[in-house]
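Good morning, and thank you for coming. Please look at the sequence and the structure on the screen while I go through some of its features.

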Amino acid sequence: MQTIRVGMGFDVHRLVAGRAFWLGGIQIQHEKGLQGHSDADALIHALCDALLGAAGLRDIGFHFPDTDETYKNIDSKILLKKTMELLRSESYELGNADVTVCAEAPRLNPHIPSMKVCLSETMQVAPDAISIKATTSEKMGYVGREEGIAVYATVLIYKNEIL
Ligand code: MG
């Protein structure tokens with residue numbers, strides 16, 4: 001019997017001066033960066049939450065609390081790797097992930113192929129299992145004013161159970 005489950009994740013981080021801009025596991029040149037306890041990679045955080053949600057394993061804050069100094073400025077790829085280990089310990093594997101980033105700037109489309117390679121290597125899945133899309137919010141709201149960026153992630157996970 002195959003168990004199939006879906007999960008969704010959402011994350012927002014504020015754009016501030018004086019921080020490196022990390023998204024989808026890679027660093028992108030931009031005059032601002034994302035503020036947060038870790039490297040603030042909102043794409044990876046949304047993806048982790050989608051994966052954990054699909055498996056019924058709570059959320060990223062539960063496993064990696066931002067009150068814990070261990071996670072200060074941590075590379076979010078480490079959190080993603082640990083999240084995949086948690087899922088695989090429950091015999092789950094990724095079917096596919098579909099991610100939408102809402103950002104007015106920087107332009108993300110040229111970076112999407114590198115993000116896909118980076119995430120697929122981190123997660124140990126095929127690159128075509130990961131889709132990343134970029135959109136703006138047409139200059140409206142906090143995304144439109146470039147105060148922050150928002151990311152939505154949807155995943156499908158599965159496990160094959162021997163009965
Ligand atoms: Mg976050």
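Predicted model: local features only at pLDDT ≥ 70, side-chain atom pairs only at ≥ 80, totals over all residues.

Where is the place of arginine 58? Arginine 58 sits in the loop between α1 and α2. Residues are numbered from 1 along each chain as its sequence is written, and side-chain values use heavy atoms, with hydrogens and water left out. As for the element names, helices (H or I, at least four residues) and strands (E, at least two) are DSSP runs, numbered from the N terminus.

Arginine 58 has a phi near 60°, a positive value in a residue other than glycine. Its relative accessible area is 56%, so arginine 58 is exposed. On this scale, buried means under 20% relative accessible area, exposed means over 50%, and partly exposed lies in between, with a 1.4 Å probe and protein chains only. Glutamine 124, in the loop between α4 and β6 (130-135), also carries a positive phi, near 55°. Glutamine 124 counts as exposed because its relative accessibility is 61%.

Let us turn to the helices. The axes of helix α1 (residues 42-55) and helix α3 (residues 76-89) are 10 Å apart, and the two pack at an angle of about 10°. Therefore α1 is roughly parallel to α3. Axes here are lines fitted to C-alpha atoms, for helices over the stretch in contact, and angles run from 0 to 180 degrees between N-to-C directions. Angles under 35 degrees count as roughly parallel, over 145 as roughly antiparallel, 65 to 115 as roughly perpendicular, and the rest as oblique. The residues in contact (heavy atoms within 4.5 Å) include Ile44, His45 and Cys48 of α1 and Ser76, Lys77 and Leu80 of α3. By class, this contact of α1 with α3 has 11 nonpolar, three polar and one charged residues. Ala, Val, Leu, Ile, Met, Phe, Trp, Tyr, Cys and Pro count as nonpolar, Asp, Glu, Lys and Arg as charged, and the others, Gly among them, as polar.

Serine 76 lies in helix α3 and counts as buried because its relative accessibility is 0%. Leaving aside neighbours within four places in sequence, serine 76 is in contact with Ser38, Asp39, Ala40, Asp41, Ile44 and His45.

How do α1 and helix α4 (residues 112-123) compare in direction, and at roughly what angle do their axes cross? The axes come within 13 Å and cross at roughly 45°, which means that α1 is oblique to α4. On the α1 side the contact is made by Leu43, Ile44, Leu47 and Leu51, and on the α4 side by Met115, Leu119 and Met123. The residues of this contact of α1 with α4 are seven nonpolar, no polar and no charged.

Next, the cysteines. A disulfide is a pair of cysteine sulfur atoms within 2.5 Å, and by this rule the count is zero. Cysteine 48 is in no disulfide, since the nearest cysteine sulfur, that of cysteine 118, is 12 Å away.

Finally, the prolines. The peptide bond from alanine 105 to proline 106 is cis, with omega near -5°, and proline 106 is in the loop between β5 (93-102) and α4. Proline 65 is in the loop between α2 (60-63) and α3.
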